[in-house]
Amino acid sequence: MVVLNKLLIICATLSLMGSCQRINPTPAPTSEATILRGTDFSQLPKIEQQGFIFYTQDSTAIDPLLLLKDKGINCIRLKVWNNPTGDGSLNELVPLVQRIKNHELLLMLTLHYSNSWADPGQQIIPGQWSNLSHAVLQDSVYSFTRHVTELLEPDYLQIGNEINHGFMHPAGLRNGNGDFERLLQAGVSAVKSVDTSITTLIHYAGYTNAQAFFQTIDTIDFDAVGLSYYPMWHGKNLSDLETACFDLRDDLGKPIFLLETSYPFTLDWADWTNNHIGSTDQIIDDFPPTRNGQAAFIAGMRQISDSLKTGLLYWGGELVPYMGPQSQQGSPYENQALFNFNGVELPVISALGK
């Protein structure tokens, strides 16, 4: 009877909350992952040092980062080189990163693990690491990556840049002996030792053979795939790109980001530096090399990245002709930037951001 009375008391108490039966609580609402709308803006310090000024459509001078933020851009991507000072160095990046964070923009870092540009055509090991044993090189990758992560506190971090054939050649050549994978894991592990919420990405140029590449690194505990897509190098059919992205996502079970793309707003030029794109056979017929054509191409790319619920980042958004009309060392992307030759914003920014 005592036990029965206790049960009646308990049920009576619970009835005030609705029932004496077990209630499954309503799950807390979950927020969807942020869809990135961003651009690489690594050369901004170098461009500003030359006195180049960026403008709104009504020709008002403006901090380009503020303009991007106002147009819906939410992420800035920066390269990191293994240099003590100068271009791509931590010395240069610290104040730039602070500006980005002051504008409340997300930060993505691309570690090239090189003293200069790394891509499928060149993956040159940093000079200061060139004679290290593989074990010491692994430690160096880990220590450098951890230091960068602690110092700059990114939201997203790429381990290498377009590493189709490995990185830090010859030590990190992708040749099946396992050295490439061990170096890759050292970088990923370093990031996760600092903050497990940082999204780690592995970056592949194009989509041809991408499945085979990622299947060979399935033991690496990275978070997401990043792809580059340039029509002149990777095919001229956005439907093929979309199919490849979804096939890759289904095969790997990982998010697929479009980390690099660009498109011309003109085939003209502003300096004596050879541009990467200068003829219509390098682009897609459906998207003419005009202001509106550039914006339409990015709108098409946005449809893919939005469907993937990940993100799209533009390459060379800041690479205007900043070194003057006679420079042979200027920007080969001047006709693909997010600003025209005079630094005025183009419609593509709204297509990318809104």
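Guide: Helices are DSSP runs of H or I with at least four residues, strands are DSSP runs of E with at least two, and both are numbered from the N terminus. The model discussed here is predicted, so local features need pLDDT of at least 70 and side-chain atom pairs count only at pLDDT 80 or more, while totals for chains, interfaces and linings use all residues. Residues are numbered from 1 along each chain as its sequence is written, and side-chain values use heavy atoms, with hydrogens and water left out.

Visitor: How many helices and strands does the secondary structure of the protein chain come to?

Guide: The C-alpha trace of the protein chain spans about 100 × 55 × 40 Å along its principal axes. Its secondary structure comes to 11 helices and eight strands.

Visitor: What percentage of the 354 residues in the protein chain is buried?

Guide: A residue is called buried under 20% relative accessible area, exposed over 50%, and partly exposed in between, with a 1.4 Å probe and protein chains only. For the 354 residues of the protein chain, the buried share is 51%.

Visitor: Among contacts in the protein chain between residues at least 6 apart in sequence, what percentage joins residues at least 24 apart?

Guide: A contact means heavy atoms within 4.5 Å. Of the contacts between residues at least 6 apart in sequence, the share that joins residues at least 24 apart is 74%.

Visitor: How many bridges join β2 to strand β3?

Guide: Two strands pair if DSSP finds at least two bridges between them. Strand β1 (residues 36-40) runs parallel to β2 with three bridges, and Thr 39 stands opposite Ile 76 in β2. Strand β3 (residues 106-111) also runs parallel to β2, with Lys 79 opposite Thr 110 in β3. The number of bridges joining β2 to β3 is six.

Visitor: Which residues point the other way from β2 than Cys 75, Arg 77 and Lys 79, and are they buried or exposed?

Guide: In a regular strand the side chains alternate between the two faces of the sheet. Six of the six residues of β2 (residues 75-80) are buried, so this strand is largely enclosed by the rest of the structure. Cys 75, Arg 77 and Lys 79 point one way, and the residues that point the other way, likewise buried, are Ile 76, Leu 78 and Val 80.

Visitor: Which residue in β7 stands opposite Val 225?

Guide: Strand β7 (residues 256-260) is largely enclosed by the rest of the structure, because five of its five residues are buried. Strand β6 (residues 224-228) runs parallel to β7 and is joined to it by four bridges. The residue of β7 opposite Val 225 is Ile 256.

Visitor: At what angle do helix α9 and α10 pack?

Guide: Axes are lines fitted to C-alpha atoms, for helices over the stretch in contact, and angles run from 0 to 180 degrees between N-to-C directions. The contact is made by residues including Leu 238, Cys 245 and Phe 246 of α9 and Phe 297, Met 301 and Ile 304 of α10. The axes of α9 (residues 238-252) and α10 are 11 Å apart, and the packing angle is about 20 degrees.

Visitor: What is the relative accessible area of Gln 294?

Guide: Gln 294 is placed in helix α10 (residues 291-308). Leaving aside neighbours within four places in sequence, Gln 294 is in contact with several residues, among them Tyr 263, Phe 265, Tyr 314, Gln 336 and Val 348. Gln 294 counts as buried because its relative accessible area is 0%.

Visitor: What distance separates the C-alpha atoms of Ala 61 and Gln 50?

Guide: Ala 61 is in the loop between α2 (44-49) and α3 (64-70). Leaving aside neighbours within four places in sequence, Ala 61 is in contact with Ile 53, Phe 54 and Tyr 55. Ala 61 and Gln 50 are 11 residues apart along the chain, and their C-alpha atoms are separated by 15 Å.

Visitor: Which value is omega near for the peptide bond from His 169 to Pro 170?

Guide: Pro 170 lies in the loop between β4 (156-159) and α6 (179-194). The peptide bond that joins His 169 to Pro 170 is cis, with omega near 5 degrees.

Visitor: Which value is phi of Glu 153 near?

Guide: Glu 153 is found in the loop between α5 (134-152) and β4. Glu 153 is exposed, because its relative accessible area is 52%. Its phi is positive, in a residue other than glycine, and is near 50 degrees.

Visitor: What is the relative accessibility of Asn 209?

Guide: Asn 209 lies in the loop between β5 (199-205) and α7 (210-215). Its phi, near 70 degrees, is a positive value in a residue other than glycine. Asn 209 counts as exposed because its relative accessibility is 55%.
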